[in-house]
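My notes follow in the order in which I checked things.

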Amino acid sequence: MHLVISEHAVPGRYLAIDTDRDTWLLPLRRRSIHIGRGLSADLRIDDSRVSRLHAIVMQQAGEVHLLDSRSLNGTYVNGHRVMAARLRHGDTMRVGPLNLRYVEVPFQLIRQAPPAGAAA
């Protein structure tokens with residue numbers, strides 16, 4: 001999985017990671033994204049407070065959910081420990097030391113100029 005700098009984001013769903021200088025976006029292109037310390041995690045967090053398979057971001061029926069994978073230190077959404085939570089644009093998550101945001105970049109309709117000679 002490749003991170004994208006926020007200025008180059010195309011419409012879609014992302015996990016946002018804020019740094020001192022930039023905001024990086026992890027596109028949610030697959031049905032599920034595994035977060036953890038293990039080598040098989042899609043979003044790998046190398047920290048002892050993170051379980052090997054700590055949490056899963058799951059897309060289903062047009063919704064996005066965060067599921068805790070029975071992690072030792074818990075998964076948090078908007079400051080509350082959760083086992084499962086539906087994510088909405090702007091929700092904050094914490095997995096170990098990492099803070100994330102769920103972001104939806106909307107599809108925008110581009111209004112095209114009328115063809116030459118057409119009445120406006």
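I began with A16 and looked for its bridge partner in strand 12, which is R101. The model is a predicted one, so I keep in mind that these pairings are computed from it.

I then looked at the two strands involved. Strand 2 and strand 12, residues 98-105, pair in the antiparallel sense. I noted five bridges between them.

Next I turned to the pairing of strand 2 with strand 3. In strand 3, L25 is the residue that stands opposite A16. Strand 3 covers residues 23-27 and runs antiparallel to strand 2, with five bridges joining the two.

Is strand 2 largely enclosed or open to the outside? I checked residues 12-18, the seven residues of strand 2, and five of them are buried, so the strand is largely enclosed by the rest of the structure. The cut-off I used for buried is under 20% relative accessible area.

Five strands form an open sheet with mixed pairing, and I wrote down their order as 5-4-6-7-10. Strand 5 (43-44) and strand 10 (84-87) are the edge strands, each pairing on one side only.

Within that order I looked up strands 6 and 7. Strand 6 (residues 55-60) and strand 7 (residues 63-68) run antiparallel and are joined by six bridges. Which residue of strand 7 is the bridge partner of Q60? I found E63.

Technical notes. Residues numbered from 1 in each chain as written. Predicted model: local features only at pLDDT ≥ 70, side-chain atom pairs only at ≥ 80, totals over all residues. Heavy atoms only, no water. Pairing = 2+ DSSP bridges. Helix = DSSP H or I, 4+ residues; strand = E, 2+ residues; numbered from the N terminus. Buried < 20%, exposed > 50% of the residue type's maximum accessible area, 1.4 Å probe, protein only.
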